[in-house]
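Dear colleague,

Please find below the structure that I am handing over to you. My notes on it come after the sequence and the model.

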Amino acid sequence: MSESAPRKGAEGASGLQVTCASRQGTSHLKDGTPNQDSVVVAALSAGRLGPVAIMAVSDGAGSASYSQHGSSAACVAGVASLTRRLNRNPAIAMKEHLLRSALKRAVRNARQSVTAAAHKSHGAVNLNEYACTLMLTLTSARLVGVAHVGDGCIVAGDGEAWRLLSEPDNGEFANETRFLTNPRNLPRVAVSVSSDIRCVAAITDGLQDVALSRGSAPYDRFWTPLYRALNRASSSSSGTVLEAMLQKVADANKATDDCTIAVCVRAREG
């Protein structure tokens with residue numbers, strides 16, 4: 001059986017490296033379903049406030065016919081919204097209340113973009129056919145901000161100790177999650193001081209079984225080696241590190257769903 005090529009990418013700014021990769025799940029390969037995950041990353045500068053990394057990761061609903069288009073629209077719009085706000089007011093990288101506001105607006109813009117994509121392509125199509133989750137992060141020299149709707153999770157750590165910045169939200173029932181396309185599903189927004197954070201990562205639920213211990217806490221034996229490998233890699237080769245990790249997960253048959261990861265690593269000084 002042939003494997004689909006994973007999507008990957010990397011961007012760098014002075015002091016920050018942001019990388020992503022995505023791989024179609026084996027179950028999707030068997031039934032001919034496309035990779036319904038999407039990911040967009042950007043490395044920017046906030047002038048004298050230093051480098052900023054923005055990441056968006058989205059998981060399209062497996063039961064929705066056009067969810068890969070919904071997840072793509074959500075990621076593109078979320079990153080574009082945060083980029084515009086940062087360019088207009090670099091202080092969002094330093095002030096918690098401004099970053100919270102920017103994240104909430106970015107989620108609204110992402111939802112509007114998914115709705116617009118649905119109407120443009122299919123007119124009166126049921127918006128649920130574009131259902132997707134969304135995770136947004138902005139990392140600066142001072143702050144890490146996250147906004148999250150649905151499953152998947154956002155992890156942060158110093159290279160040795162790891163914690164969840166946002167945990168999976170699977171809804172009220174088993175095998176259920178909340179989707180961006182439902183306006184009643186408000187994002188969970190959190191902002192943390194980033195002084196002890198060397199790495200921020202967002203993953204879709206396809207990687208949760210290998211990246212979380214008992215599904216509830218970051219698994220050190222997954223995150224620490226990955227962080228060290230990324231910290232040794234150049235910006236041009238960091239995507240290959242993530243690609244190799246996704247290949248290893250696939251070879252071990254530890255994930256059948258689409259798997260997507262976006263990682264921001266802050267370079268150590270000296």
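The model is predicted, so local features are reported only at pLDDT of at least 70 and side-chain atom pairs only at pLDDT 80 or more, while totals for chains, interfaces and linings use all residues. Residues are numbered from 1 along each chain as its sequence is written, and side-chain values rest on heavy atoms, with hydrogens and water left out.

**Largest pocket**

The largest pocket has a volume of about 300 Å³. A pocket here is an open set of points on a 1 Å grid over the protein atoms alone, where a 1.4 Å probe fits, with protein on both sides within 12 Å along at least five of seven lines; lining residues have an atom within 4 Å of a point. Grid points are joined across faces, edges and corners, and the volume is the space filled by probe spheres set on the points.

The lining is formed by Val210, Tyr219, Arg221, Phe222, Pro225, Leu226, Ala229, Met245, Lys248, Val249, Ala252 and Lys254. Helix H5 (220-232) and helix H6 (238-251) are the elements that give two or more residues to this lining; helices (H or I, at least four residues) and strands (E, at least two) are DSSP runs, numbered from the N terminus. H5 supplies the largest share, five residues. By class, the lining of the largest pocket holds nine nonpolar, no polar and three charged residues, where Ala, Val, Leu, Ile, Met, Phe, Trp, Tyr, Cys and Pro count as nonpolar, Asp, Glu, Lys and Arg as charged, and the others, Gly among them, as polar.

The 14 residues of H6 should span 20 Å at 1.5 Å a residue, and the end C-alpha atoms are 20 Å apart, which agrees. The expected span is 1.5 Å times one less than the number of residues. The buried residues of H6 are Ser238, Gly239, Val241, Leu242, Met245, Leu246, Val249 and Ala250. Buried means under 20% relative accessible area, exposed over 50%, and partly exposed in between (1.4 Å probe, protein chains only).

Asn253 lies in the loop between H6 and strand E13 (259-266). Although Asn253 is not a glycine, its phi is positive, about 55°. Most residues other than glycine have a negative phi. Asn253 is exposed, with a relative accessible area of 63%.

**Salt bridges**

The whole structure contains four salt bridges, each being a side-chain nitrogen of Lys or Arg within 4 Å of a carboxyl oxygen of Asp or Glu. One of them joins Arg163 and Asp196 (3.7 Å, N to O). Because Arg163 lies in strand E8 (residues 162-166) and Asp196 in the loop between strand E9 (188-193) and strand E10 (199-203), this pair ties together parts that are 33 residues apart in sequence. Both partners are partly exposed: Arg163 has a relative accessible area of 33%, and Asp196 has one of 41%.

Asp169, Arg178 and Arg188 are linked in a network of salt bridges. Within it, Arg178 meets Asp169 at 3.0 Å, N to O, and Asp169 meets Arg188 at 3.9 Å, N to O. The latter pair links distant parts of the chain, with Asp169 in the loop between E8 and E9 and Arg188 in strand E9, 19 residues apart. Asp169 is buried at 18% relative accessible area, whereas Arg178 is partly exposed at 29% and Arg188 is partly exposed at 26%.

**Further residues**

Asn185 is placed in the loop between E8 and E9 and is buried, with a relative accessible area of 12%. Leaving aside neighbours within four places in sequence, Asn185 is in contact (heavy atoms within 4.5 Å) with Arg111, Val149, Arg178 and Phe179.

Ser113, in helix H3 (residues 96-122), is partly exposed, with a relative accessible area of 24%. With neighbours within four places in sequence again left aside, Ser113 is in contact with Ala73 and Ala77.

Asn87 belongs to helix H2 (residues 67-88) and is exposed, with a relative accessible area of 56%. Asn87 and Asn126 are 39 residues apart in sequence and 35 Å apart in space, C-alpha to C-alpha.

With kind regards
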